[in-house]
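Hi,

Here is the structure I promised to pass on to you.

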Protein chains: 2
Amino acid sequence: MTTDTVAKESAVELPLNGGTVRMGAIAKGSGMVSPNMATMICLVTTDAAIHAEPLHALLRHAAHRSFNCISIDNDMSTSDTVLVLANGRSKNEIHPGEKDYRIFCDALTDFCQEMAKRLVRDAEGGTKCVEIFVEGAANEDGARRIARAIGNSQLCKTAFFGNDPNWGRFLCAAGYAGVDFDPTDINLWLDHVQLVRDGQVANYREEDAGAVMKQKEFRVRLSVGRGTGHAVYWASDLSYDYVRINAEYRT
Amino acid sequence: MTTDTVAKESAVELPLNGGTVRMGAIAKGSGMVSPNMATMICLVTTDAAIHAEPLHALLRHAAHRSFNCISIDNDMSTSDTVLVLANGRSKNEIHPGEKDYRIFCDALTDFCQEMAKRLVRDAEGGTKCVEIFVEGAANEDGARRIARAIGNSQLCKTAFFGNDPNWGRFLCAAGYAGVDFDPTDINLWLDHVQLVRDGQVANYREEDAGAVMKQKEFRVRLSVGRGTGHAVYWASDLSYDYVRINAEYRT
């Protein structure tokens, strides 16, 4: 049994010094599916000539910034899987420390992020995919913890569903993320509309903020003024259909 | 603005060696309320003659096992407050190490648990109060982490709402709680109905399990066979009304 509603697949060509490298991916997942955890799987293939060990390191890097940065519900699965297979057919050898390695790393990360977003766009009962960008944290990990707290929050998710520019819920989730910052340093935007400036309510029109949230995709940007750490998360909303799908799927 | 629907207050008399001690409490809270976090507050009063320092220690003990063990949504508030005031009018002096101290400690904990349950019973959109009892963990903290994972899980909360004896969701949440146990040691009950025996699906009738979940209050009991650590948590369910209250409260 699956609640996926669209095929999630992608392919890119990557021009490197040594030639062209191809990457493809297919994924499934839109929530946890009962009674067995069918959950999420993504298979990435590439014809890059790269050894297993550096490829594994790159996949960890990419997954940490993509599949580990999405929230459909707050239910981590025990059986989520991301695999990458490289057959070397491009003959383009990629070694750690070289320029192509960094380009390949960025491309793999972007590619995984795109696939992760497709999972969120197909979330059970989801009506939108919200990008949560946190900057100005002391480090990347702190930024990610704040973004995750917002992305996992039931109250933020219902605010997303209700098109409600409820900055109080976003800041509250940031506050309980366990990351140190000064509330007076907070700046918050919904796309181009600034809701909070230096810890105070900014001068904005409620209808402008509401209009941003009515879009299928928009960005919550939160700056906490501590350092240069930044991270991004993608979250679906919490809708009546999420409850219906997960409470009444047997009936 | 508040979404509380019932007054939450309680009083008890406690016979101790030195005489009778009274305890009273009032509380508010049923979810986080926008745009400011009105959230939860509980005021406990007693006429016990106890110094501030041991009283504070007892309140921490009690709150850790009551107000910190409930899940309406997964949104911890930044402004939850529990206060205890003791005016000493009973003349009954309570000192650490004495028998009355332990009795008072247990009574305060029970009292706080009762108030905490009243908050859950009045949860936003909640239709039931589920007690999650975890036993057999290596220690109390591990048991509480498992209970919390189940109580906070959107998928378990929708299963509660849908009267769905979905043992897979309960075990999955236990699995991602970050506590070590062997799946083959798992036993799971809904009240008297055993769903999982030694890691295998037990011989039970689906309608019996469903009947347990149709009650306004029931108990999920999970045994993980590692030690003597146990803990309890109380959770509301996730309903259409929760989404309505938090997504459409302005309209």
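A salt bridge, as counted here, is a side-chain nitrogen of Lys or Arg within 4 Å of a carboxyl oxygen of Asp or Glu. By that definition, there are 0 salt bridges between chain B and chain A. Please keep in mind that this is a predicted model.

How much area do the chains bury between them? Chain B and chain A bury about 3,400 Å², with 56% of it on carbon and sulfur atoms. In chain B, the residues that lose the most area to chain A are B:Gln154, B:Leu155 and B:Tyr240, which together make up 20% of what that side buries. The contact draws 39 residues from chain B and 39 residues from chain A.

Now for the symmetry. Chain B is superposed on chain A by a rotation of 180° with 0.0 Å of shift along the axis, at an RMSD of 0.0 Å. This is the relation of a two-fold axis. B:Tyr240 has the C-alpha nearest the axis in chain B, 2.7 Å from it. Both copies use the same surface, as 100% of the contact residues of chain B recur in chain A.

Best wishes

Conventions. Residues numbered from 1 in each chain as written. Chains lettered and ligands numbered in written order. Predicted model: local features only at pLDDT ≥ 70, side-chain atom pairs only at ≥ 80, totals over all residues. Heavy atoms only, no water. Least-squares fit on C-alpha atoms with pLDDT ≥ 70 in both. Contact = heavy atoms within 4.5 Å. Buried area = accessible area lost by both parts, 1.4 Å probe.
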